[in-house]
Amino acid sequence: MLGAARPGPEAESLAARLRAPCYAPAPSMDDLQLHPSFAPVAPGSVRLAPGEVHVWAIPLTGEPEQFQDLLSATERARSERFRFLDHRRRHVIAHGCMRVILGGCAGADPAVLEIAIGTRGKPFLPRYPHLHFNLSHSGHLALLAVGDRELGVDVEKLRHLESLQDIARRHFSQAEFEALCSLPEDRQLQGFYRLWTRKEAYIKAVGVGLSMPLDVFDVSLADEARFLGFRDGNEDPALWTLRDVSPGPGYTGALAVRTAQAAVRLLAATAT
Ligand SMILES: CC(C)(COP(=O)(O)OP(=O)(O)OC[C@H]1O[C@@H](n2cnc3c(N)ncnc32)[C@H](O)[C@@H]1OP(=O)(O)O)[C@@H](O)C(=O)NCCC(=O)NCCS
């Protein structure tokens with residue numbers, strides 16, 4: 001059930017975890033400044049009200065040890081397959097912190113929370129079917145969206161793209177490609193990432209991943225994020241909310257939620 005911590009040993013154990021500092025960002029990561037719109041909050045300590053969507057910014061800095069024991073055997077085995085220690089560290093922090101946040105929403109012990117994987121790879125909570133979540137990571141940052149509707153989130157660290165127009169021509173719709181090319185050259189990189197994250201947030205919400213061609217629907221390039229149309233006729237743009245959730249300089253992010261209007265709260269996972 002959303003918003004209510006179950007009494008008993010699981011809730012007790014959760015409370016004990018929340019008293020411990022959950023997350024300590026390394027001060028050296030000066031390239032990761034979060035916008036002040038992301039309110040600093042201890043992971044797992046906020047209730048999710050009905051209809052609300054929380055988007056957590058999780059800095060993938062600091063030490064992973066405190067999260068190690070929270071991971072399932074599968075998650076741990078996956079983290080051990082990373083060749084580079086830094087990738088392993090970021091994976092453990094992202095998944096451990098995600099568990100603390102989801103445990104807080106579900107009222108369950110983060111370490112025993114069952115996270116299953118759908119046929120096309122989208123993780124879900126079989127015991128809490130009304131609690132939807134989606135994770136995205138790029139560079140030293142992860143975004144986790146949690147709510148009671150189908151949702152998807154995408155974050156990208158902005159990087160120079162040599163063949164930006166080729167990628168855009170291959171993946172975007174004709175209208176999006178033309179809108180992008182009409183931008184002054186010095187704004188095309190930002191425009192590209194804006195379109196990309198808005199589109200990827202949708203395909204992550206429906207869970208199909210990149211097996212779905214990105215050009216079968218249109219999103220806006222303008223400041224206001226919105227769906228312009230779905231060519232297959234299976235979706236109604238009016239039944240979706242699309243929002244930019246750009247977490248800080250150098251990053252672009254977007255959120256797609258299957259609801260006409262979503263009340264979105266931006267939170268930054270931080271030490272207690
Ligand atoms: C989902 C996908 C678009 C993610 O792209 P990305 O930009 O590289 O990655 P992001 O950081 O935004 O998101 C990754 C997270 O999304 C989640 N995720 C994985 N598959 C997902 C899916 N199909 N839908 C939604 N979310 C998914 C996971 O939590 C993943 O995090 P993890 O790898 O640390 O566990 C891409 O991996 C994809 O297309 N996957 C589908 C593959 C597929 O079709 N498989 C079918 C056969 S199983």
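A residue is called buried if 20 or more other C-beta atoms lie within 10 Å of its own, exposed if 12 or fewer, and partly exposed in between, with C-beta atoms placed from the backbone. With 8 C-beta neighbours inside 10 Å, P126 therefore counts as exposed.

Before going on, note that this is a predicted model: local features need pLDDT of at least 70, side-chain atom pairs count only at pLDDT 80 or more, and totals for chains, interfaces and linings use all residues. Residues are numbered from 1 along each chain as its sequence is written.

Contacts here are pairs with C-beta atoms, placed from the backbone, within 7 Å.

| Residue | Touches |
|---|---|
| P126 | E114 and A116 |
| A145 | V53, V55, F133, N134, L151, V153 and L255 |

A145 also belongs to the largest nonpolar core, which has 65 residues. Such a core is a set of buried Ala, Val, Leu, Ile, Met, Phe, Trp, Tyr and Cys residues joined through C-beta atoms within 7 Å. Helix α4 (residues 85–106) gives the largest share of this core, 10 residues. Domain 1 (9–154 + 261–269) and domain 2 (158–257) both contribute, so the core lies between them; the domain bounds come from an automatic or database assignment.

Just after α7, G207 takes a positive phi of about 85°.

Methods. Helix = DSSP H or I, 4+ residues; strand = E, 2+ residues; numbered from the N terminus. Contact = placed C-beta atoms within 7 Å. Lists of a residue's contacts leave out its neighbours within four places in sequence.
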